[in-house]
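Subject: Handover of a structure and notes on its contents

Dear colleague,

Please find the structure below, together with its sequence. My notes on what was found in it follow directly after.

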Amino acid sequence: MRDKEMTTPDVRIDEAGTTGIRPLLEIRDLAITFKTGGGEVKAVRDAHLTIMPGETVAIVGESGSGKSTTALAAIGLLPNNGKVSGGQILLDGEDIAHASEQRMIELRGNTIGMVPQDPMSNLNPVWKIGYQVRETLRANGRPSGPDDIAKVLSQAGLPDAKRRANQYPHEFSGGMRQRALIAIGLSCQPRLLIADEPTSALDVTVQRQILDHLETMTNELGTSVLLITHDLGLAAERADKVVVMYQGRVVEAGPSLELLRNPQHPYTKRLVESAPSLASRRIQVAKEQGVETTDLLAPAAETAKSDTFLQIQDLRKVYKLRQGLGKAADFAAVDGVSFDVRRGTTTAIVGESGSGKSTVAKMVLQLEKPTDGRILFDGVDTSALKPAELFKFRRRVQPIFQDPYGSLDPMYNIYRTIEEPLRVHKIGDQASREKKVRTLLDQVALPQSAMQRYPNELSGGQRQRVAIARALALDPEVIICDEAVSALDVLVQAQVLNLLADLQANLGLTYLFITHDLAVVRQIADHVCVMEKGRLVETGSTDDVFESPQQDYTKALLNAIPGAKLMLPPEVA
Amino acid sequence: MIRFILRRLLQVIPVFLGTTLLVYYMVFALPGDPIAALFGDRQPPQAVIDTLRSQYHLDQPFWVQYGLFLKNLFTFNLGNDFTGQPIAASLARVFPVTAMLAVEALAIQAIFGVAFGVFAGLRRGGWFDSTVLVASLVVIAVPTFVLGFVFQLVFGVKLGWAKPTVGANADWVTLLLPAVVLGLVSFAYVLRLTRASVSENMNADYVRTATAKGLSRPRVVLAHILRNSLIPVVTYLGANLGGLMGGAIVTEGIFNVPGVGNKLYQAVLRSEGPTIVSIVSVLVLVFVVANLLVDLLYAWLDPRIRYDQ
């Protein structure tokens, strides 16, 4: 059953054959209100959701859509200023929307488990991993000896669990921490597991392993899973049913593939179109059919020029790692990397964290000195630049960084932020600089009124537009984007990628795009360099690399894109 | 860890030489003749002055005086002060008193400051929080000597709960009232620090995860909020211990406590170089050890901090 309008009250999914079995979790007409400085805000309204025993249901939506809030309400963990202001949350028939704290403590862990979003901040840094597992087992009345702890951890795929249990969270990698959190979430064999973006902070290949493992474990235990994600591709691949939330409402719900192939609500349609993991497939399908490619590919084709603008030759960066007693070991963060970037094109460097891709970017920006090798910019070796020449070089090469929250000075208003590079480089007078800032705001599609505002008054996407405007202020020729869209919601990400493509077409910019996200590469890049552990393992045109990857590592990266294996009929594209 | 401790203890040597040299020089440079001051209005015979000057090496240049002081120090012979009393003996009298006072004051700050801070932080904006915040502001704003006299008058004289002055025989009970006065100001800071730290950590992701695991509220507070919140508080308390050991001139003065503060004050009045520098030397050691303890406590509270690298 599929609802076509968001006002239709019943978006519950009833599947034939399951009638007669009571749903494990049923959310009816749920409304959640937050008390804020500006009055009461309805974060969720009229939400409906049904999870049958053993079933996986995904809630998809962008940040602020109410997906996490709905899930937190189901485990009674709403922030202090939030409360359930209407509706029911039925757990196996019992309404727990207003259950006592004592009742919730009984349910948590044993009946409802949770795997939280960010593995870096969700383990207490001052306690050993084993201790954090043990207190969970103990609180829920389960055996909690060292063997039990090791068993729980190794079931979640943590190798050498007995020794690992004696380590602290900071001695674990992100993937291992997430495994520990999964172990904690499932340690008391709950009937319902709430997984809130369980892998969004991880590399794609690690993400895949962990989701595979989670799926195996929950299948074995017969656990129902409520999966929260912003990635429609991932949701469709992992869940039986998908619920799409938008601005606090459930706008569409249904079996995953059906919903993906035939989205009804306009928002779902936009989401399907923009989902990076699906878009990669979309462009490919479009091309196979001889349909004109999207505008994302067009500008590169038009302006592709053959002259080499940036040459990276045998670049190396070695860091000294201290190993106590004055000894130091060499660690090659970048090891013999060579590639060319042609004027007016986009070259992407792809790799997981620790692959050395950001170090390459820093060296190109002259923020780090190479240990060895050369960087030729427009034919000139950048290492030989004198301070004055370096200053001019900086005008021609500008960065855009990942975190739009951290890379803008919170004390500068937008005008000052964008104007600063002009002032530093002593370009124009007050009036001409203001005119330039206005033009730049137009170029990045921000209203002129934004000039007087401060970064904290803008959304993530708007901030990244400000960062782009600032990078463009000096009319650079090369822009280095270090994970420039990774922190953005999919729809915003698509807008920013389109903006970058437009700017490239209009201004003839050259991009060096550093990212871990292959789906984004597919949309924006002409050439791809795949890096692994400091080495360049594969390079080629985007089409070649995506259609016939040569290296196992590249194949693994491509396979790990969520939703990549979903077969979508052409009409979706 | 052992290497770290050793390295820290080795650092004592330059710190020690530097501070004593500086203090010694400042005393040396003080205007006025300490020998003349000894005799007050009377004019002693020149021969007596000369004898005393050479006895205390006051006729020697600065470097010789300092060198002699160091030599005495390393042979554990601190010499006599200008009244002829051995300095070592008077230090042995005053330091235990101040140490008792400091430990009592520190205990009051730590126990009540942390406990009140946790309750205030957990219910931020509640009546307890608001009351305690205003009260702590009053304590911070009122100068110690006012608090001291008021407490002395109210609890010592009017109510008679404690002896209004300590006198020669200081013990834990008689020192309690001055310890409360001494501890109050820092108690207010500890409270506010704990409160801020607790209310910040309360919203940490790992605290939510701990709740989601099914832990009871007291367990979440003790194991997950309190321990993480103590880190900044411990730093403050450690730095404070050094300060308290330096003696509280005002508080010791009001309650007539025969402690380091009193002794130091009198020595400064008399320009008694050897006594001042001897006290400072002990204080340097106390500071270094207190800071070392803070660092070790730090590593124990937060395993991410490791000193061996």
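In these notes, a residue is called buried if 20 or more other C-beta atoms lie within 10 Å of its own. Please also bear in mind that this is a predicted model.

By that criterion, five of the five residues of strand S3 of chain A are buried, so S3(A) is largely enclosed by the rest of the structure. Both of its faces are covered. Thr56(A), Ala58(A) and Val60(A) are buried on one side, while Val57(A) and Ile59(A) are buried on the other. As a general point, side chains in a regular strand alternate between the two faces of the sheet.

Which sheet holds this strand? S3(A) belongs to an open sheet of six strands in chain A, with mixed pairing and the order S6-S7-S8-S3-S9-S10. Its edges are strand S6 (112-115) and strand S10 (249-255) of chain A, each of which pairs on one side only. From one strand to the next, the twist averages 20 degrees.

The two neighbours of S3(A) may be described in turn. With strand S8 (residues 224-229) of chain A, S3(A) pairs in the parallel sense over five bridges; here Ile59(A) has Ile228(A) as its bridge partner. With strand S9 (residues 241-246) of chain A, S3(A), which spans residues 56-60, also pairs in the parallel sense, over four bridges. In S9(A), Val242(A) is the bridge partner of Ala58(A), and Val244(A) is that of Val60(A).

Two helices of chain A that pack on this sheet deserve mention. Helix H6 (residues 174-186) touches S6 and strand S7 (192-196) of chain A, and its direction makes about 175 degrees with that of S6(A). Helix H10 (residues 266-274) touches S9 and S10 of chain A, at about 110 degrees to the direction of S9(A).

The largest nonpolar core has 211 residues. Those with the most contacts inside this core are Leu153(A), Ala183(A), Ile194(A), Val242(A), Val243(A) and Val244(A). Leaving aside residues up to four places away in sequence, Val242(A) touches several residues, including Ala58(A), Val60(A), Ala253(A) and Leu259(A).

Chain A also contains an open sheet of four strands, ordered S2-S1-S4-S5 with antiparallel pairing. Strand S2 (39-51) and strand S5 (94-95) of chain A are its edge strands. Within this sheet, strand S1 (residues 25-36) and strand S4 (residues 82-91) of chain A pair in the antiparallel sense over eight bridges, and Gly86(A) in S4(A) is the bridge partner of Ala31(A). Helix H1 (residues 67-74) of chain A lies across S1, S2 and S4 of chain A, running at about 110 degrees to S1(A).

How many residues does each chain bring to the contact between chain A and chain B? Chain A supplies 24 residues and chain B supplies 22 residues. On the side of chain A, the largest share, three residues, comes from helix H3 (residues 129-139) of chain A. The residues of that side divide into eleven nonpolar, nine polar and four charged.

Finally, on confidence, the predictor gives the complex an ipTM of 0.75 and a pTM of 0.73. Chain B averages a pLDDT of 83, with 96% of the residues scoring at least 70. Among the elements of chain B, the lowest mean pLDDT (68) belongs to helix H3 (residues 34-38) of chain B, and the highest (92) to helix H10 (residues 205-212) of chain B.

With kind regards

Note on methods:
Residues are numbered from 1 along each chain as its sequence is written. Chains are lettered from A and ligands numbered from 1 in the order in which they are written. This is a predicted model: local features need pLDDT of at least 70, side-chain atom pairs count only at pLDDT 80 or more; totals for chains, interfaces and linings use all residues. Two residues are in contact if their C-beta atoms, placed from the backbone, lie within 7 Å. Ala, Val, Leu, Ile, Met, Phe, Trp, Tyr, Cys and Pro count as nonpolar, Asp, Glu, Lys and Arg as charged, and the others, Gly among them, as polar. Two strands pair if DSSP finds at least two bridges between them. Axes are lines fitted to C-alpha atoms, for helices over the stretch in contact, and angles run from 0 to 180 degrees between N-to-C directions. pLDDT is the predictor's confidence in each residue, from 0 to 100. A nonpolar core is a set of buried Ala, Val, Leu, Ile, Met, Phe, Trp, Tyr and Cys residues joined through C-beta atoms within 7 Å. A residue is buried if 20 or more other C-beta atoms lie within 10 Å of its own, exposed if 12 or fewer, and partly exposed in between; C-beta atoms are placed from the backbone.
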